[in-house]
Amino acid sequence: MRILLIYPEFPDTFWSFKHALKFIRKKASSPPLGLLTIASLLPGDWQLKLIDMNVSHLKDKHLLWADMVFISGMTIQRDSARQVISRCNVSGVAVVAGGPLFTTEYRDFSGVDHFILNEAEITLKEFLVDLANGTPRSIYKTASFANIQNTPSPMWKLINFNDYATMAVQYSRGCPFNCDFCNVTALLGHRMRLKTSTQMIAELDQLYAMGWRGGIFFVDDNLIGNKSTLKRELLPALITWRKDKKGITFNTEASINLADDPDLLHQMVAAGFNQVFIGIETPVSENLEECSKRQNLNRDMVADVKKIQRAGMQVQGGFIVGFDNDTPSTFKRLLDFIQNTGIATAMVGILQAPIGTLLYERMQKAGRLIKDFSGDNVNGTTNIITRMQIDVLKDRYRGLMDKLYSPEYYYQRVKVLLCEYAIQNVKLDFNPQKIWQNLRALVSSMLKLGVLGKERKYYWDLFFWTLVRKPRAFSLAITYAIYGYHFRIMNETHITA
Ligand code: B12
């Protein structure tokens with residue numbers, strides 16, 4: 001069997017980092033881990049090719065080569081996925097679809113021969129047995145969750161490392177919390193399922209042996225969902241593993257209660273984690289009650305963020321406006337919160353209800369759903385009838401984003417971050433290609449941001465401020481300047497509010 005695995009194209013979004021990636025000549029931020037994982041679940045004698053449309057073009061000759069196309073994706077890739085499916089239909093190649101987009105919306109797709117939904121560790125197996133018997137069904141789904149201790153390592157050889165800014169691994173699935181707008185528990189459940197540390201070290205060993213030297217994203221929804229096993233098993237194993245490794249750092253996603261555990265913070269930093277994404281959502285307690293995000297209640301979240309930064313991890317934050325309890329004053333509160341915490345990468349979106357979430361059900365019952373979920377949480381649209389008048393909400397949102405990503409506010413946040421953040425030593429990988437790549441990025445940033453860009457005044461101010469006050473953080477400051485450029489362009493071109 002010849003199988004073509006296809007990852008559809010992402011539109012240009014805040015999360016794509018497209019305008020930042022150009023500085024380091026990378027094509028995408030991270031690889032399609034779902035497809036790399038299912039590749040390892042397919043029979044060993046099948047021939048596999050992967051086209052990630054974010055890094056290369058899908059050509060008709062690829063479709064003609066294949067007996068079957070396996071397509072994955074998230075909601076945000078919906079349009080590109082539809083185009084791929086119709087191209088497959090024209091070429092007469094069978095289509096097998098799975099992943100979050102299809103698991104939540106398969107009813108809306110035609111032209112797919114087999115939907116293999118939920119976790120492939122369960123459903124793909126059944127499909128392969130039926131296929132071998134000549135009786136494959138059109139839909140495979142399950143309400144059970146897989147034991148990921150049997151999940152094989154991703155098949156890295158299908159991608160070219162040079163195309164990506166970071167690599168990705170996954171230690172756990174599920175999240176113990178109950179935030180009503182989040183798709184994760186609907187897709188992956190509340191019970192934390194963990195791989196063993198032996199499995200993780202084997203995955204990391206493979207990446208390292210294949211030459212990867214750089215950031216690795218633990219794509220867990222909440223890395224600290226099972227703190228005791230993490231502290232007892234994985235983190236000590238990572239600390240030992242990383243001792244003789246060069247150029248490796250980790251980043252991940254976690255809940256704010258990370259700040260409550262100094263030992264955990266210490267261990268994570270010692271293991272090489274230097275960045276964490278946290279769903280902060282809103283400083284308004286009534287909103288946190290409304291969406292059942294209880295873990296963020298009754299705490300000083302500004303102090304929590306600073307604790308994490310001072311321990312040695314940069315914090316990226318997810319924020320939401322458009323809750324029923326938001327008032328026009330919320331926007332200023334949120335702006336102050338983000339500025340004071342130095343969360344440079346602040347992803348602020350208008351509340352949307354993804355299909356399958358408790359929020360979706362709640363809005364459906366209340367007759368407050370108006371259109372499809374766009375899948376892009378930072379484009380200024382929503383699929384619900386908000387309590388605040390939509391024009392007012394969009395106007396305030398626009399105003400907030402314009403301020404947040406204006407060079408004045410953004411660069412000020414970067415300075416707050418650099419003052420708080422305890423930068424860690426990373427054993428450098430003196431690879432001439434990497435040194436050249438960094439030099440080129442520095443020179444392009446000097447030209448694009450320091451000479452041609454609207455941000456030029458703030459760029460040079462940060463440049464010299466860092467050299468004098470925080471010289472060890474110089475390359476980080478340039479990285480943030482480049483991110484800021486991407487966010488500014490996105491803000492000017494992408495938000496429809
Ligand atoms: C890593 C990640 C990202 C990375 C993407 C990197 C990349 N190249 O894909 C980044 C940070 C860029 C990202 C961004 C966003 N993401 Co995201 N992301 C994730 C995350 C945390 C992990 C995905 C992953 O790699 N999982 C590991 C692999 C092994 O799992 P998997 O892909 O699900 O694959 C399994 C099955 O789905 C199935 N499968 C998958 N594909 C296929 C294909 C076939 C043919 C078959 C048979 C089976 C199959 O088998 C696999 C093994 O079980 C998930 C949450 C999660 N835990 O899955 C959210 C998630 C996928 N993201 C989500 C969203 C909404 C977004 C954003 C819109 C912003 C946001 N709010 O988070 C942006 C949009 C992207 C953009 N460019 O604008 C949602 C998607 C919901 C949906 N219905 O589509 C998820 C589920 C999180 C959530 N809170 O709901 N994301």
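Helices H2 (33–41), H5 (100–105), H6 (120–132) and H7 (184–188), with strands S3 (68–71) and S4 (94–97), each supply at least two residues of the shell around the ligand. Helices (H or I, at least four residues) and strands (E, at least two) are DSSP runs, numbered from the N terminus. H2 gives the largest share of the shell, 4 residues.

This is a predicted model: local features need pLDDT of at least 70, side-chain atom pairs count only at pLDDT 80 or more, and totals for chains, interfaces and linings use all residues. Residues are numbered from 1 along each chain as its sequence is written, and side-chain values use heavy atoms, leaving out hydrogens and water.

**The ligand shell**

Of the 40 residues around the ligand, Tyr7, Thr13, Thr75, Glu121 and Asn183 come nearest. A residue counts as near when one of its heavy atoms lies within 4 Å. By class, the shell has 21 nonpolar, 15 polar and 4 charged residues. Gly counts as polar here.

| Residue | Residue atom | Ligand atom | Distance |
|---|---|---|---|
| Tyr7 | side-chain N or O | oxygen | 2.6 Å |
| Ser72 | polar side-chain atom | nitrogen | 2.7 Å |
| Thr75 | backbone N or O | oxygen | 2.7 Å |

**Arg242**

Arg242 is found in helix H9 (residues 227–242). Arg242 is buried yet has no salt bridge. Buried means under 20% relative accessible area (1.4 Å probe, protein chains only). A salt bridge needs a side-chain nitrogen of Lys or Arg within 4 Å of a carboxyl oxygen of Asp or Glu. The nearest side chain of opposite charge, Asp244, is 9.5 Å away. Leaving aside neighbours within four places in sequence, Arg242 is in contact (heavy atoms within 4.5 Å) with residues including Ile248, Phe250, Asn425 and Val426.

Methods:
Polar contact = N/O pair within 3.5 Å; in protein donor to acceptor, adjacent residues only side chain to side chain. Buried < 20%, exposed > 50% of the residue type's maximum accessible area, 1.4 Å probe, protein only. Lys, Arg positive; Asp, Glu negative; His and termini not counted.
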